[in-house]
Amino acid sequence: MSGVWRDRRARVGAALLAVVIATAVAAPLVTAGDTSVPRDIVASRFLGPLSYDVSGAFHLLGTDRIGRDVWTRLVYGGRISLAVGFLSVILSVIVGMLVGGLAGWWRGWPALALTALTDFALALPRVVVLLLLAALWKPSTALVILFLGMTGWMPIARLVQGEVRTLSANSFVEGATASGARSLWVLWRHVFPNTLTPVFVVAALGVGNAILAEAGLSFFGLGVQSPTPSWGNMIASGRDTLVNAPWVAAAPGVVLAVVVVGCTLLGDGLRSAIGRRQSVVG
Amino acid sequence: MRMLVHRALTGIAVVAGVLTLTFILLHAAPGDPAALLLGPAASPAQLAAGRHRLGLDRPLSAQYAEWLGGFARGRWGTSIVTGRPVRDMLATAWPATVRLVLLSLLLSYAIGLVLGAWQAARAGSRLDTALSVATVSLVALPGFWLGLMLVAVFTYLLRLLPAFGAAGFDADFLGTWGRFIDGARHLALPLATLTLIGVGGAARVIRGSLLDALEQPFVVTAHAKGLSDARVLVGHALRISMTPIVTLLGLSLPALFSGVVFVEGVFAWPGVGRVLVEAVQARDYPVVMAATAISALLVVAGNLIADIGAVVVDPRLRTRVSGR
């Protein structure tokens, strides 16, 4: 993986993500105050960015319609949005490696059935399925993670299936099987570890997509529920005050885009780094 | 040809699968449409009667069989919430969605083609890097957020363009020309939102496949023949890159449709996406089923058209198909 950092895109992407993640983790240090309680609603609402309220508190990104500091909510909302993104992708990776791994390892109808399942799930418009799920079950942060995870595993399954097919023709797999190891143990111990790097690339892109999808669900009121701030429900609530306080909706959208750009650049950089390594080896 | 038939059959299987999945999900989820329809004051007897009227008291398999049979024969039922026939609701909705999608596809690929070709011709230059940063950022923007920002600027700040619906309240009283202008003004922001995001994706794909094509031996030959860089790029490299571009266009349709759902939500555009969102929120079973089916059909049909398109633009696929 060390060759990755020679790629400028990977460096820029990782730096963008690192800054956002570090800020979210250090939320209590970089903000002052609670995300849900304003000091004085009437005096401190709809303050523009870079302004002071009556109590002398500084508002870097202004305040919303009930006087809450947008910067504070942005940073704490980042914790939720990033956690939703990363956890749902971890779930997608588990399901995707399981389905794709078995589809690539097995032969005959079980493999065909798993491939068909993947193709089918890939053809569904993700948002339609997500809307359906989120509207039918009462949305909560945990369910949103579950739904995003269960609708994002297909690209990983496809990739892992191809990788497992290729890897299983290698002599080290034959060797492990010949030495008496059980079939699924060989898959787990010898084949899966070799698929992890390309999976990481797809997962990096998946994190950005998952955060975008959560924001979309929140936009329809079906994502992470208020008063817990997430970038999505911040944009949704900023929609109502677009006329007199456009910064409420603008700020979370910009950070969201920065995170997605970071994920894309990191993924692109990793991919071409892997390509280089493979072309050197092969 | 056999490939296309195979694809069409797979598409039908996907639509059938979507319908089955939707049916199962709707009935597995908590919540009772009869209770939603009759309100909290309904007595148990009224609820039972309501469920009977909606056919919800019969075995699931019977409900499914009847629904599927009716759907195939064009009987899509009536909306539980509005009381209107589902077919009428969707018949007015789907052309609005298709119009928006087709126009934005056309525009994004036209602009993306120019940008991508420009970048590929000057790969590695500062301009290429700047455009790459721009296209990556465009793809990363949440569609509904971009829509809101365009509304904030063009509707609230500059007071130039309308932000809601497909026509003004006075549209019925305008002449043909006036109605066209009114429609175009309403189309502008939703179309711009979808197109801006689409341009990012299209330019990235076109740049990538052009750069791949430029490494091919026939490009070296074309250069050796003394052709100009522009002719090599357009006449040789672009031609060969059309296949991956058209294929990716088909694959990007589900994502595009997802984008449409949000854009229709932001701009109150009267399309399938908005019907679907409203029906999902109100748990309007017949409308949800039909709108899901229509969206799956649109995506599958789009993929099929892209497959046919790939055969049309790449003569090699054609000879392989007919030369069997």
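**Starting from one residue**

Reply: Happy to! B:Leu251 sits in helix α10 (residues 229–251) of chain B. Keep in mind that this is a predicted model.

Me: Is B:Leu251 buried, exposed or partly exposed?

Reply: B:Leu251 is partly exposed, because 13 other C-beta atoms lie within 10 Å, whereas the cut-off for buried is 20 or more.

Me: And how far is B:Leu251 from B:Ala268?

Reply: Their C-alpha atoms are separated by 27 Å, and the two are 17 residues apart along the chain. B:Ala268 belongs to the loop between α11 and α12 of chain B.

Me: What's phi for B:Ala268?

Reply: Phi is near 50° there, a positive value in a residue other than glycine. As for its surroundings, B:Ala268 counts as partly exposed, with 14 C-beta neighbours inside 10 Å.

Me: What about B:Arg159, where is that one?

Reply: B:Arg159 is in the loop between α7 and α8 (176–214) of chain B. This residue also has a positive phi, of about 50°, although it is not a glycine.

Me: Is B:Arg159 buried or exposed?

Reply: B:Arg159 is exposed, because it has 7 other C-beta atoms within 10 Å, and the limit for exposed is 12 or fewer.

Me: OK, zooming out. How many helices and strands are in chain B?

Reply: Chain B has 14 helices and zero strands. Its C-alpha trace spans about 85 × 60 × 40 Å along the principal axes.

Me: How much of chain B is buried?

Reply: Buried residues make up 36% of the 324 residues in chain B. On contacts, taking those in chain B with a separation of 6 or more, 72% are between residues 24 or more positions apart.

Me: Now helix packing. How do α1(B) and α13(B) cross?

Reply: Their axes come within 9 Å and cross at roughly 160°. That is over the cut-off of 145 degrees, so α1(B) is roughly antiparallel to α13(B). The crossing of these two helices is right-handed.

Me: Which residues of α1(B) and α13(B) meet?

Reply: From α1(B), the residues include B:Leu4, B:Gly11, B:Val15, B:Leu19 and B:Phe23. Among their counterparts in α13(B) are B:Tyr285, B:Met289, B:Ala296, B:Val300 and B:Ile308. By class, the residues of the contact between α1(B) and α13(B) divide into 17 nonpolar, four polar and two charged.

Me: Over to chain A. At what angle do helix α9 and helix α10 of chain A pack?

Reply: Helix α9 (residues 171–178) and helix α10 (residues 183–219) of chain A pack at an angle of about 150°, with their axes 10 Å apart. The crossing of α9(A) and α10(A) is right-handed. A:Phe172, A:Val173, A:Ala176 and A:Thr177 of α9(A) make the contact with A:Val186, A:His190 and A:Val191 of α10(A). By class, that contact of α9(A) with α10(A) has five nonpolar, two polar and no charged residues.

Me: And α11 of chain A, how many of its residues are buried?

Reply: Eight of the nine residues of helix α11 (residues 231–239) of chain A are buried, so this helix is largely enclosed by the rest of the structure. The buried ones include A:Trp231, A:Asn233, A:Met234 and A:Ile235.

Me: Let's do the interface. How many residues of chain B are in contact with chain A?

Reply: 33 residues of chain B are in contact with 32 residues of chain A. Elements giving two or more residues to the chain B side include α1 (2–28), α6 (126–140) and α13 (285–313). The largest share of that side, seven residues, comes from α7(B). The chain B side divides into 25 nonpolar, eight polar and no charged residues.

Me: Last topic, confidence. What are the scores?

Reply: The model scores ipTM 0.83 and pTM 0.82. For chain B, the mean pLDDT is 81, and 95% of its residues reach 70 or more.

Me: Where in chain B does pLDDT stay under 50?

Reply: That is over residues 320–324 of chain B, for which the model has three contacts beyond four places in sequence. Where pLDDT is low, the predicted coordinates should not be read in detail.

Notes. Residues are numbered from 1 along each chain as its sequence is written. Chains are lettered from A and ligands numbered from 1 in the order in which they are written. This is a predicted model: local features need pLDDT of at least 70, side-chain atom pairs count only at pLDDT 80 or more; totals for chains, interfaces and linings use all residues. Two residues are in contact if their C-beta atoms, placed from the backbone, lie within 7 Å. Helices (H or I, at least four residues) and strands (E, at least two) are DSSP runs, numbered from the N terminus. Ala, Val, Leu, Ile, Met, Phe, Trp, Tyr, Cys and Pro count as nonpolar, Asp, Glu, Lys and Arg as charged, and the others, Gly among them, as polar. pLDDT is the predictor's confidence in each residue, from 0 to 100. Axes are lines fitted to C-alpha atoms, for helices over the stretch in contact, and angles run from 0 to 180 degrees between N-to-C directions. Angles under 35 degrees count as roughly parallel, over 145 as roughly antiparallel, 65 to 115 as roughly perpendicular and the rest as oblique. A crossing is left-handed if the near helix is turned anticlockwise from the far one by less than a right angle, and right-handed if clockwise.
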